[in-house]
Amino acid sequence: MDHSTFRHRRCCCFIIIVTIFISGLATKTESIGINYGQIANNLPSPEDVVSLIKCIGATKVKLYDADPKVLKAFANTGIEFMVGLGNEYLSKMKDPNKAQTWIKTNLQPYLPSTKITSIFVGNEVLTFNDTSLTSSLLPAMQSIHTALITLGLNKQITVTTTHSLAVLQTSYPPSSGTFRPDLAPCLASILSFQAKTGSPFLINAYPYFAYKDNPKQISLDYVLFQPNQGMVDPSTNLHYDNMLFAQIDAVYSALGALGYGKMPVHISETGWPSKGDEDEVGATVENARKYNGNVMKLSSKKGTPLRPEVDLNIYVFALFNENMKPGPTSERNYGLFKPDGSPAYNLGFSLSSSSSSSSSSSSNSSNSSNDDGNHGSGSGAPPHPPTSSSGYLAISSATSLIMS
């Protein structure tokens, strides 16, 4: 079989699998985003991933670097891209000339065919407790924005950064949400820049961690969007029946306390692992199925209790299980899909077609040499910024932020 025939069959397999996936969800997914991580040695080609992402209904992709193969593969698809600029680049990006060179080299060649709409500069920098990184963050964001203006791209590409939920000092009840006092001055400067340039506040929120650390105190139904009694915020009388919305509104409250209550909040990462170590309570296939399935259904709804009029913008973490991520077992099992394109668990669809599985599996056999690897503890980040090859940091737990 020649390569073109093989690729055609494989793409068809992806489409068959995911068409069933969509019908199983039985809801719109027009505004859903997906995190496309690549810390693995057995993933399908970006060309094949195009079909997968389009078929699950995702319209937005968060990419942790400016991978040229990915950006080229998604040309003329209409899918929006948020491209990451890693922490290891921050000190260099303070120089406007280097910022302009980076954009010219890594982004401009793919515009406008590939729809790049945002650059997130740094990942969870403020909770790294690294003064050099922190002091470089805003200047790097400003330099990137200045470069975009110079190149005439500032109207189509915004500049932002992602934060761990651990930037909050208080999160319960949601109306009491406040930022950590030690981070507030730095955040205020960043928020001022973002308000002027019109970019959203990005937060990585994982109710999974709150449940894992306090399974006896926190209702599993509450974190999984299952029917439950929920909680009422005593200050606002707003009712919350899931933790993610409570976390989002806590961030809105914290922003309001600094005078930026109207700034849009986007969830740049949220997800649930389908497998974990013995001490990773709740990391099961069934819980991952419920959490991620319900999050994807949220895209057809509008707003949280505090901001019912504001569209939800959520990026699910992640597209694939990534076998080379260090850390606990959960780190390698956040994917909606296995590297062969088959679902990691049942989200309401069936894999009855044996040809899909065998065809997709065989296509990766030449790429697979390892099954395991890992990427940083779920309770913190590695001691040094990742290299461009590692893509992104470990998931931040923000375990002190508990809402029951």
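Predicted model: local features only at pLDDT ≥ 70, side-chain atom pairs only at ≥ 80, totals over all residues.
Good morning. A residue is called buried when its relative accessible area is under 20%, exposed when that area is over 50%, and partly exposed in between.

Let me start with the protein as a whole. The protein has 12 helices and 12 strands. Of its 404 residues, 56% are buried. The accessible surface amounts to about 15,800 Å², and carbon and sulfur atoms account for 50% of that area. Among contacts between residues at least 6 apart in sequence, 74% join residues that are at least 24 apart.

I turn now to strand S2, residues 60–63. In a regular strand, side chains alternate between the two faces of the sheet. Which residues lie on each side of S2? Lys60 and Lys62 are on one side, Val61 and Leu63 are on the other, and all of them are buried, so both faces of this strand are covered.

Strand S2 has partners in S1 and S3. With S1, residues 32–36, strand S2 pairs in the parallel sense over four bridges, and Val61 is the bridge partner of Ile34. Strand S3, residues 80–85, also runs parallel to S2 and is joined to S2 by four bridges; there, Phe81 is the bridge partner of Val61. The chain passes from S2 to S3 through helix H3, residues 68–73, in a right-handed β-α-β crossover. S1, helix H2 (residues 46–55) and S2 likewise form a right-handed β-α-β unit.

Beyond its neighbours within four places in sequence, Leu319 is in contact with several residues, including Ile34, Val49, Leu52 and Phe337.

Finally, the charged side chains. Side chains of opposite charge can pair when their charged atoms come close. Eight salt bridges are found in the whole structure. One of these joins Asp213 and Lys212, at 3.1 Å from N to O. Asp213 has a relative accessibility of 31% and therefore counts as partly exposed.

Arg289 and Glu286 meet in another salt bridge, at 2.6 Å from N to O. Because these two residues are three apart in helix H11, about one helical turn separates them. Asp311 forms a salt bridge with Lys302, with the closest N and O atoms 2.5 Å apart. Elsewhere, salt bridges with shared partners join Glu286, Arg289 and Lys290 into one network.

Thank you.

Key. Residues numbered from 1 in each chain as written. Heavy atoms only, no water. Buried < 20%, exposed > 50% of the residue type's maximum accessible area, 1.4 Å probe, protein only. Pairing = 2+ DSSP bridges. Right-handed = clockwise from strand over helix to strand, strands pointing away. Contact = heavy atoms within 4.5 Å. Areas by Shrake-Rupley, 256 points an atom, 1.4 Å probe, with all protein chains shown as cover. Salt bridge = Lys/Arg side-chain N within 4 Å of Asp/Glu carboxyl O.
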